[in-house]
Amino acid sequence: MKHSNLASSILICTQLTLAMWLPTDAWSQDNADGTQTDNTAALDDSTTPAETPDPAMISDSIKETGEAVAVPAPAEAGGAKGNAENLIATDAGTAIVAEDEPASTNTDKATINGIEVAVDEPALSYEDQLKQIFALYKEQFQSQQFDEAEITAKREVEITIRNKGPRHKDTAAALTNLAIVQYRLEQYQLAALNFEAAITALEISEDRLYSGLVNPLKGLAATYVKIGLVDDAVVSLDRAIHISRVNEGPQTLQQVEMLDSLTEIYLGLGDFDEADTLQSQAYNLQARQIDDESIDILPALFRRADWQLRTRRIQALKGTYSQIIRIIEEHRGLTDMSLIRPLTGLGKAYLYFDPATDISPVQRSSSSYGEVYLKRALDIATENPDATWRDLANAYLELGDFYTMNNNQTRARRHYSEAWEVLSIDESRLAMRARELEVPRLQQTPFIPEYLEEDAAIKPGTTRPNLKSGSITVGFDISYRGLILDPKIIEADPAGIDEMEKKVLRGVRQLIYRPRFEDGVAVPTPQQSYRHKFYYRDKDLPEKVEESTPEASN
C-alpha cells in the first residue's frame with residue numbers, strides 16, 4: 001500500500017453536486033456453556049473467491065465526550081489499490097478537492113478548492129452533530145438500508161473534515177464507516193480507496209503503530225480479496241496482527257478474529273495446511289492458561305469443532321465433541337441442557353464422509369451410532385425441567401433431519417410431525433413453525449468449485465486482475481422427501497460456459513432439503529432455485545460469447 005503525503009487534498013467523487021458527505025458495525029461469541037450470543041449484526045457474504053468474513057463492524061461509536069472512535073470491523077473484500085492518501089471515494093461523479101485545513105463553520109459559506117459553497121451554520125455543536133449523524137447511520141446500517149446509510153456516511157465525513165480536517169482520527173473513522181457501507185453495496189473499488197484513505201490519515205495524525213489502524217486494515221484486506229489482490233490482503237492482515245500485538249501484547253483475543261480472516265484467505269487459495277496452522281494458533285490463544293478439563297475451555301473447543309466440521313476432519317470432530325460432552329458431564333451432570341449442542345453435533349458427525357479415513361462416502365453402518373446421540377439430546381429436551389418448547393421442537397427437528405439425510409423417511413416424518421405439534425400449541429409458536437416447517441430448509445450443501453479450472457484460482461504471488469465473476473442459477477422442484485426433481489439451468493451469466501454449468505447441475509442434484517409441511521404433512525415444493533457464483537477468465541468463454549461482447553468506448 002503506497003501513500004504519498006496527506007498534504008494534498010481529499011478527493012470526493014459524488015453524485016451530489018459540490019457536496020461532501022460521509023459515514024460507520026460485529027459477530028457472535030461462544031459463552032462458557034457453549035451457547036452463542038449475537039453481539040452485533042454479523043455481516044454474511046459467502047460468495048467471494050476466498051470466503052472472507054464480511055468486514056464489518058461499524059467504526060463504532062461515539063464516546064460520551066462525542067468523539068468518534070473506530071471499532072474493529074470484520075473485513076471483506078474488494079477495492080482498488082492506488083494513491084488514496086486523501087481520497088474520499090463516494091460514487092462516480094463530480095470530483096471535488098478539499099483543502100487540508102477545515103473550513104470555518106462560523107459563517108454560512110465554506111471554501112472548497114477556492115470555491116465558495118453554501119453551508120448551513122450548525123445549530124448543534126460538533127460533538128452533538130456527530131452523535132446524531134452516527135446514530136442515524138447505525139440505525140440505517142443495522143436495518144440494511146445501505147443506500148441511505150451511504151448518504152449518511154458521506155455527511156459524517158463532511159462534518160469531520162469541516163471541523164477536524166482530513167488528517168484527524170475522527171475523519172479516519174468516518175471514512176472507515178463509509179468504506180464499510182460501500183463494501184456492503186459491492187462498490188469494492190470505492191471501499192478500497194476509502195479504507196486506504198483512513199489508514200493514511202491515521203498514520204499521519206497518530207503513528208504507524210496506532211491501535212486504531214487495526215479496523216481499516218482488516219476492512220482493506222477483505223476488500224483486496226474481493227478484487228483479487230490476495231498478496232496485499234495478507235500483508236494488510238499481517239500488519240493488523242502486528243499492531244495488535246504491539247499495543248495489546250502477543251496473546252490477545254482480538255487476534256483471533258484476524259487469524260480467522262487470514263484463514264479464510266488461505267482457504268480460498270487452497271492452502272489448507274496454512275489455514276489449519278492459523279486455526280491452531282487461534283485455538284491456542286483462546287485456550288491458553290486454561291485447564292484442558294475446565295468448563296472454561298468450552299468456547300475454544302466449540303471453535304475447534306466448527307473448524308473441523310468445515311474441513312471435514314470428521315474423526316477429529318468426533319473426538320472434540322466427545323471431550324466437550326465429558327467435560328460438561330463431569331461439571332454439570334448427565335442431563336444438563338448444555339449437552340444438547342455437542343450431542344447433536346456428534347450425532348450428525350456420523351453422517352459425514354471423512355476423506356482421510358473413510359473408504360466410502362456412504363457410512364450407513366456407523367450412522368446408527370449417531371442416532372444414539374441425537375436420541376439422548378431429545379431425551380434431555382423432553383425430561384429436563386429447564387427445557388423450553390423451543391428446545392424440544394429443535395431436538396425433534398434435528399433428529400428428523402438426521403433421518404432425512406440417512407434416507408429413513410418414515411422416522412423423519414414422525415419426528416417432523418412431533419415438532420409440528422409442539423409448534424402448533426399456541427400462537428406464540430407459529431412464527432417458528434412457519435420458519436422451520438412451512439418452507440423447505442436446505443440440509444446438505446454440495447461442493448461446487450468456484451473456479452472453472454484449478455489453475456485459475458488466485459495463488460500467492462499471482463494476482464489475476466483479469467479474473468471475472470459469473471453466476472449460474474438452477475431451477476428445480478423439491479419432493480415431499482426433500483430430494484431434487486428436474487433440475488435445469490434457468491440463467492447463466494455469462495452464457496455458454498458448459499463445463500461450469502455441468503458442475504453446478506451435478507452439485508445441485510446432491511442437495512437435500514427438509515421438506516415443506518402443510519397441516520403437519522410433508523408436501524412437494526415447486527419452482528425453487530439455487531444460485532452459484534464462480535470466477536472465470538476471458539479464455540474460458542466460448543468464441544461466440546467473446547465476439548458478442550462489445551468493447552468499451554472512450
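With which residue does Glu 371 form a salt bridge? In this predicted model, the partner of Glu 371 is Lys 375, and the closest N and O atoms of the pair are 3.3 Å apart. Helix H12, which covers residues 364-383, contains both Glu 371 and Lys 375. The two positions are 4 residues apart, about one turn of the helix. Their surroundings can be described through relative accessible area. Glu 371 has a value of 13% and is therefore buried, since buried means under 20%. Lys 375, at 38% relative accessibility, counts as partly exposed, because this value falls between the limits of 20% for buried and 50% for exposed.

The side chains of Lys 154 and Glu 150 meet in a salt bridge with an N to O distance of 3.7 Å. Lys 154 and Glu 150 are separated by about one helical turn because they stand 4 residues apart in helix H2, which spans residues 146-164. Both Lys 154 and Glu 150 are buried. A salt bridge also links Arg 162 to Glu 158, with 3.4 Å between the closest N and O atoms. Arg 162 and Glu 158 likewise lie in helix H2, and their spacing of 4 residues corresponds to about one turn of the helix. Arg 162 and Glu 158 are both buried.

Attention now turns to a loop position. Ser 294 is located in the loop that runs between helix H8 (272-287) and helix H9 (298-310). With a relative accessible area of 17%, Ser 294 is buried, because that value is under the 20% limit. A polar atom of the Ser 294 side chain lies 3.0 Å from the backbone nitrogen of Asp 296. When neighbours within four places in sequence are set aside, Ser 294 is in contact with Ile 327 and His 331. Ile 324 is 30 residues from Ser 294 in sequence, while the C-alpha atoms of Ser 294 and Ile 324 are 10.0 Å apart in space.

The model also contains an open sheet of 3 strands, arranged in the order S10-S9-S14 with antiparallel pairing. Strand S10 (484-493) and strand S14 (525-536) form the edges of this sheet, each pairing on one side only. From one strand to the next, the twist averages 25°. In general, strands of a sheet pair through backbone hydrogen bonds, in either a parallel or an antiparallel sense. The antiparallel pairing of S9 and S14 extends over 10 bridges. Within this pairing, Gly 470 has Phe 534 of S14 as its bridge partner.

A further serine, Ser 471, belongs to strand S9, which comprises residues 468-478. The relative accessibility of Ser 471 is 8%, and the residue therefore counts as buried. Leaving out residues up to four places away in sequence, Ser 471 touches Glu 491, Ala 492 and Asp 493, and also Arg 531, His 532, Lys 533 and Phe 534. Phe 534, one of these contacts of Ser 471, is also the bridge partner of Gly 470.

Methods:
Residues are numbered from 1 along each chain as its sequence is written. This is a predicted model: local features need pLDDT of at least 70, side-chain atom pairs count only at pLDDT 80 or more; totals for chains, interfaces and linings use all residues. Side-chain values use heavy atoms; hydrogens and water are left out. A salt bridge is a side-chain nitrogen of Lys or Arg within 4 Å of a carboxyl oxygen of Asp or Glu. Buried means under 20% relative accessible area, exposed over 50%, partly exposed in between (1.4 Å probe, protein chains only). Contact means heavy atoms within 4.5 Å. A polar contact is a pair of N or O atoms within 3.5 Å; within protein, one must be able to donate a hydrogen and the other to accept it, and residues adjacent in sequence count only if both atoms are side-chain atoms. Two strands pair if DSSP finds at least two bridges between them. Axes are lines fitted to C-alpha atoms, for helices over the stretch in contact, and angles run from 0 to 180 degrees between N-to-C directions.
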